[in-house]
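The tour below moves from one selection to the next.

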Amino acid sequence: MKKVNLRKSTMLKRQLEDAYRAVVESTSDSLYLVDKNCRYLFINSRHLSRMGLPAVDIIGRSYGEFHSHEETESFTNIIKEVLATGKSVQYEHQSWKDTRYFLRTFSPDQVPGPDGKITSVAVVSKDITDHKRVEEALIESERRYRRITEAITDYIYTVSIEGGNAVETRHGVGCMAVTGYTEEEFAADPYLWFSMVAVEDRKAIEDHSRRVLTGEETPAIEHRIIRKDGIERWVRNTLVLRRDEHGKLEAYDGLIQDITERKQTEKALQESEELYRALAEKSFAGVYVVQNGKFRFINSNAASYVGYTSGELIGRESIKLVHPEDREQFKKNATEMLYGKRTFPYEFRIITREGQIKWLMEMVNSIFWEGRRAVLGNSMDLTDRKRTEEEIRSISVTDQLTGLYNRRGFITLAEQQLKFSDRGKRDMLLFFADLDGMKWINDTLGHEEGDRALIDVAVILKETFRSSDIIARMGGDEFAILAIDTTGIYPEVMMTRLQNQIDAHNNEGTRRYIISISMGTAYYAPENPCSLDELMSRADKLMYEQKKSKKSRPVLPDTVG
């Protein structure tokens, strides 16, 4: 009986768990569980879709790995507060990605740890964007209504028309606040309003009034007036026509709104925009704005990097200019910088209009552009610097006389190949070669002829060995060759091939000596590894043993045979 009850209890528990999981996964809200260190313990499918990553890439990692420093600091403080007080916390925040609004609720986990303390916090993130937009729409509606009513209250006047002429003008109580003149002063001087209009704007006012009197539909007009106290102000004059039952114009109402502050703000914004556009355009760096992946602004310097004009790039996708091999890393670097996880510039390649490859260095910032999130980029052309670095790097590992690797270059590459050989279980052969009679050539024929002999040896070695082999001049008259893949390569075969190349060069040349090379070979087996120094020492020893068996100086051509 107890077993039956236990089985029923277990089944009921599973049913409850399944029901709970179904509710959690089907909800439209994001739900996740974090521990006291802000590491994700659980995350539902809704939040996974928002983050764009599988659960395996999130569970166990901290909140800060996916969000900016400021957002992480705020999140961490709330987690600490909930764990310390055991009370829920709720607040609104705006997503950086898509400017949506969310209401977050932080609640202590109801399952305590072994010590009875709450060790994790459940977070529910509810999308309230539609609600916020309704609120904003209501606020905007209220603002517009208030502006209209304030305009009407500030200053309203009426002009009566008879026979196409103005016969009466009545000014409302708001005229004093806007113009400094009273209703009585306006009534005493029919031309007072026109005399207040700034001289530069009177022609526009006359044309506007004429169109009104001829019955044309006219929009509002903005112009300047000089108040009674001598202060210049900007006003917006909105006209509303009134007609009788026959459609004849009988009057029009004027609504005057003081827009001086708005005009000053517009002027300041215009001057600021002109200043920053001038700074951006004249900057030595490439400056551009990317919104939704497309260029919204790009200065001529940045456009010149890729061989286009600024106009040709506006509206184009920026990522398509990045070298395909660099795009993923480029996106990663830019995202880290936008989220505050990276502070130093990153480098990447671009492809120009002509198909050339250039190197750029870039930094980005998040900005607002025309009311929406965008990315401001600053870049610099590194192509010349990269080319110089490559030349310096080439010089540092290349022998200038023969064009082969020098000792440093050989050791660097050979050490790498030894590691690859150990991992891939590949055999290698090291050849150590020495030009016989080098001292005799220098002392007898001069160092210029000695250099020519070294160059000839370099040519012979490149013709003997494969392009994949590492060939180097180690210094003086010593050379080293590391055959990386020894499949089909035997020392005896290579010695024969080398001698054939030497004979061919001796037969073709017009030298006063015969080129002769001594060589030693050492075998590298990953099953019995050794250091590069040990390998070089073995090959060098065998090379000198061969050298001792030869003459001390080169054989002269006329003594051959």
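**First stop: a pocket**

Select β6 (156-162), β7 (165-171), α6 (183-188), α7 (192-196), α8 (202-213) and β9 (232-243): each supplies at least two residues of the lining of the second largest pocket. Helices (H or I, at least four residues) and strands (E, at least two) are DSSP runs, numbered from the N terminus. This is a predicted model, where local features need pLDDT of at least 70 and side-chain atom pairs count only at pLDDT 80 or more, while totals for chains, interfaces and linings use all residues. Residues are numbered from 1 along each chain as its sequence is written, and side-chain values use heavy atoms, with hydrogens and water left out.

Now show V159, A166, T169, P190 and Y252. Of the 25 lining residues, these lie nearest the centre of the second largest pocket. A pocket is an open set of points on a 1 Å grid over the protein atoms alone, where a 1.4 Å probe fits, with protein on both sides within 12 Å along at least five of seven lines; lining residues have an atom within 4 Å of a point. The volume of the second largest pocket is about 690 Å³, counted as the space filled by probe spheres set on the points.

Colour the lining by residue class. It divides into 16 nonpolar, six polar and three charged residues. Here Ala, Val, Leu, Ile, Met, Phe, Trp, Tyr, Cys and Pro count as nonpolar, Asp, Glu, Lys and Arg as charged, and the others, Gly among them, as polar.

**Salt bridges**

How many salt bridges are there? The count comes to 31. Each is a side-chain nitrogen of Lys or Arg within 4 Å of a carboxyl oxygen of Asp or Glu.

Select R104 and E71. Their side chains meet in a salt bridge (2.8 Å, N to O). The pair links distant parts of the chain: R104 sits in strand β4 (residues 101-108) and E71 in helix α3 (residues 69-85), 33 residues apart. R104 is buried, at 5% relative accessible area. Buried means under 20%, exposed over 50%, and partly exposed in between (1.4 Å probe, protein chains only).

Go to helix α12 (residues 327-338). E336 and K332 lie four residues apart there, so about one helical turn separates them. Their closest N and O atoms are 2.7 Å apart, in a salt bridge. E336 is partly exposed at 22%, and K332 is partly exposed at 44%.

Next, pick R452 and E449 in helix α16 (residues 447-464), three residues apart. Their salt bridge has its closest N and O atoms 3.4 Å apart. R452 is partly exposed, at 34%, whereas E449 is buried, at 18%.

**The largest nonpolar core**

Select F431, L461, F465, I515 and M519. Of the 27 residues in the largest nonpolar core, these touch the most other members. Such a core is a set of buried Ala, Val, Leu, Ile, Met, Phe, Trp, Tyr and Cys residues joined through side-chain atoms within 4.5 Å. Its largest share, six residues, comes from α16.

Centre on L461. Leaving aside residues up to four places away in sequence, L461 touches I471, F479, I481, L498 and M519. Contact means heavy atoms within 4.5 Å.

**Last stop: two loops**

Is C38 buried or exposed? C38 is buried, at 5%, in the loop between β1 (30-35) and β2 (40-43). Its phi is positive, near 65°. N292 lies in the loop between β11 (286-291) and β12 (294-298). N292 also has a positive phi, about 55°, although it is not a glycine. At 65%, N292 is exposed.
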